[in-house]
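Student: I would like to learn how to read the fold of a protein model. Could we take one case step by step?

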Amino acid sequence: MATRLGARVTSITIRPDWDDGPERYGDAEILWRTSEFTSREFAERQVLVALAGPAAEMIYRGEPLHPGFVAEWAEDWRQAWKAAAELMPDGRRRVRYLEQAASSLFTTFSDDHCWSAIAAIVDALLAHERLESEEVTAIVDQWCP
């Protein structure tokens with residue numbers, strides 16, 4: 001999702017270090033050219049990127065879950081919540097906004113091309129535990145031109 005929204009994914013891993021924050025099951029290092037976006041556009045992109053992992057896992061699990069209620073997605077939800085604060089200061093409206101964003105991602109990722117890209121990234125991560133920028137870009141470009 002990050003590459004499609006104008007960011008550069010410098011690396012992703014399924015074996016992150018846990019010494020610098022909360023326990024995580026995966027980690028992505030993402031660089032944004034923030035000068036290219038309004039603050040609203042940047043916040044919208046941050047929300048989508050934060051909820052992209054949970055949306056992909058929902059499809060993999062075969063069940064749409066609420067990303068705010070699954071323990072291993074707590075950090076993703078926290079990041080999305082924080083990014084959405086600028087867009088929706090009211091808590092109830094923010095929850096609805098995040099739920100709609102997660103639902104939209106679920107639909108987008110259900111597309112065969114997007115799902116094939118996600119599956120290819122997962123396969124590469126299982127084989128190598130870490131992917132660098134060029135590898136991520138090559139996979140995404142192959143499936144989501």
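This is a predicted model: local features need pLDDT of at least 70, side-chain atom pairs count only at pLDDT 80 or more; totals for chains, interfaces and linings use all residues.

Student: How many helices and strands does the chain have?

Tutor: Helices (H or I, at least four residues) and strands (E, at least two) are DSSP runs, numbered from the N terminus. The chain has 5 helices and 3 strands. From the N terminus on, their order is β-β-α-α-α-α-β-α.

Student: In what order do the strands lie in the sheet?

Tutor: Strands of a sheet pair through backbone hydrogen bonds, either parallel or antiparallel. Two strands count as paired if DSSP finds at least two bridges between them. Here the 3 strands form an open sheet in the order β2-β1-β3, with antiparallel pairing. β2 (27-31) and β3 (130-132) stand at the edges with a single partner strand each, so one side of each has no neighbour in the sheet. Strand β1 (residues 8-13) pairs with β2 over 5 bridges; Ser11 has Glu29 in β2 as its bridge partner.

Student: Which strands does helix α5 lie across?

Tutor: Angles run from 0 to 180 degrees between N-to-C directions, with axes as lines fitted to C-alpha atoms, for helices over the stretch in contact; contact means heavy atoms within 4.5 Å. Helix α5 (residues 133-143) lies across β1 and β3, at about 85° to β3.

Student: Which residues of α2 are buried?

Tutor: Buried means under 20% relative accessible area, exposed over 50%, and partly exposed in between (1.4 Å probe, protein chains only). In helix α2 (residues 74-84), the buried residues are Trp77, Ala80, Ala83 and Ala84. They cover an arc of only 130° around the axis, taken from the directions from the helix axis to the C-beta atoms, which puts them on the same side of α2. The buried residues of α2 pack against α1 (39-61) and α3 (91-110).

Student: What radius of gyration does the chain have?

Tutor: The radius of gyration is taken over C-alpha atoms, and the globule rule is 2.2 Å times the number of residues to the power 0.38. The chain has 15 Å, which agrees with the value near 15 Å for a compact globule of 145 residues. Of these residues, 37% count as buried.

Conventions: Residues are numbered from 1 along each chain as its sequence is written. Side-chain values use heavy atoms; hydrogens and water are left out.
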